[in-house]
Every structure is written in C-alpha cells, then in structure tokens.
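Hi there,

Here is the structure I promised to pass on. Please open it alongside this message and follow along as you read.

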Amino acid sequence: MTIQLWVKVIIGSIPAMLIGLPFNDFIEEKFNNSYVVAATLIIYGILFIVIENYQKDKQPKVEKLSQLTIQTVLIIGVFQALALIPGTSRSGATIVGALLIGVSRGVAAEFTIFLAIPAMFGASFLKLIKFGLNFTGMQVFLLLLGTVVSFAVSILAIKFLMQYIRKHDFKVFGYYRIVLGVIVLLYFGIKTLLA
C-alpha cells in the first residue's frame, strides 16, 4: 500500500514538474500581480461552492486512497499544476480537481497532503539553486529552524483539516477566498486610483 501510494504521488507530481520547470520564470513574470491573485482567489472560491453543491447528493466514486487510479492521480496532478498561477492555492486546486472527478472529500484532502511533499521539496530546491547556496552559519540555522517550525505547524493544520472535513464541506473555504479576493481587488484598485 505504501509503495503504491508513493508511486501515485510521484505520478501525480509529473504535470506540475513538466509545466513548472520550463515555465516557472515566465509565469512569475507575467502573472505575479495583485489582480491575478485577486481573480484566482475569487475563481477558486466560486469553484469550491459550485462543486460542493454539484456533488452534494452524489456518492463519491473514490472513497479510499487505494481506489485512486493512475488516470485519476494524473488529473489531480494537472489541477496541482494550475497552482503555478499566483493566488491559486495548491491544496485548493488539487482538492477542487479531485472533487470534480468524484473523489471523496477525505481522500481528496489526504492525497493533497501527500502530493504537497514532492511539490514543496521541488519548489524549495529550485529557489535554493536560483538564489545560490552561499549561506552563513546563522542563515543555515534560521533556514532549518523555519523548516522545523513550518513542519510542526503543518502537522497541526493537517490534523485540524482532517477533523474538520469529516463533519463539514469546503464551502466555508470558498466564501473565505471570495471575500479575501474582493478585499485584495478593492485595496489595490483604490491604491492605483490614489497613486
């Protein structure tokens, strides 16, 4: 089971790698602005609500991690690749994609967590290469400290999320993203008008 799961995680990571490696700099240059961030916050917020409503009375096709097929993990991987666009939550994109193709909330969230591991390591490695490996002792210490703290907070957040989704749907995250997107849009729109 464990080996099969990690094989699926690696396969699900392929689309983001194929798009991210050659186009990462282009995407950051062209799409890294407040309006794109606001738009993606709102769009994915709406998608969460629409998909939850659409799937409400439907029985999920996939209710266990072991039921994920290669085709399913590749489709989820394509949704993860959409998170290369700034403002798109990686976990939000993969959960939306998984729900859309009939994966249960619990499995969608759980697989998303596993899928995050190679994505975060890969992105961190690329940033390290891009900015160079010339660190002082204090910088290495702070980097390691930040990694440990982030990992600990992630574990707590994951535990909360898994407990939350057993009883609730993802609509609240949709509303949160829409509100945040509107605030970002208003803030930068007003700032531009006053400039």
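This is a predicted model: local features need pLDDT of at least 70, side-chain atom pairs count only at pLDDT 80 or more; totals for chains, interfaces and linings use all residues.

**H4 with H5**

Let's start with helix H4, residues 90-100, and helix H5, residues 105-131. Two packed helices are described by the angle between their axes and the distance between the axes. For H4 and H5 the angle is about 140°, and the axes are 9 Å apart. The two helices are therefore oblique to each other, since the label roughly antiparallel is kept for angles over 145 degrees. The crossing of H4 past H5 is right-handed.

If you want to display the contact, select Arg 90, Ser 91, Thr 94, Ile 95, Ala 98 and Leu 99 on the H4 side. Their partners in H5 are Arg 105, Ala 108, Ala 109, Thr 112, Leu 115, Ala 116 and Ala 119. Sorted by class, this contact has eight nonpolar, three polar and two charged residues.

**H5 with H6**

H5 also packs with helix H6, which covers residues 137-167. Here the axes come within 11 Å and cross at roughly 165°, so H5 and H6 are roughly antiparallel to each other. H5 passes H6 in a right-handed crossing. From H5, the contact uses Arg 105, Gly 106, Ala 109, Glu 110, Ile 113 and Leu 128. H6 contributes Leu 143, Ile 158, Leu 161, Met 162 and Ile 165. By class, that contact has eight nonpolar residues, one polar and two charged.

Now turn to helix H2, residues 34-55, where you will find Thr 40. Is Thr 40 buried or exposed? Thr 40 counts as buried because its relative accessibility is 8%, and the cut-off for buried is under 20%. Its side chain reaches the backbone oxygen of Pro 86 at 3.0 Å. Setting aside residues up to four places away in sequence, Thr 40 touches Ile 85, Pro 86, Gly 87, Thr 88 and Arg 177.

Apart from neighbours within four places in sequence, Val 36 is in contact with Phe 31, Ile 85 and Pro 86. One more pair to look up is Val 36 and Gly 181: they sit 145 residues apart in sequence, and their C-alpha atoms are 9.7 Å apart in space.

Terms used
Residues are numbered from 1 along each chain as its sequence is written. Side-chain values use heavy atoms; hydrogens and water are left out. Axes are lines fitted to C-alpha atoms, for helices over the stretch in contact, and angles run from 0 to 180 degrees between N-to-C directions. Helices (H or I, at least four residues) and strands (E, at least two) are DSSP runs, numbered from the N terminus. Angles under 35 degrees count as roughly parallel, over 145 as roughly antiparallel, 65 to 115 as roughly perpendicular and the rest as oblique. A crossing is left-handed if the near helix is turned anticlockwise from the far one by less than a right angle, and right-handed if clockwise. Contact means heavy atoms within 4.5 Å. Ala, Val, Leu, Ile, Met, Phe, Trp, Tyr, Cys and Pro count as nonpolar, Asp, Glu, Lys and Arg as charged, and the others, Gly among them, as polar. Buried means under 20% relative accessible area, exposed over 50%, partly exposed in between (1.4 Å probe, protein chains only). A polar contact is a pair of N or O atoms within 3.5 Å; within protein, one must be able to donate a hydrogen and the other to accept it, and residues adjacent in sequence count only if both atoms are side-chain atoms.
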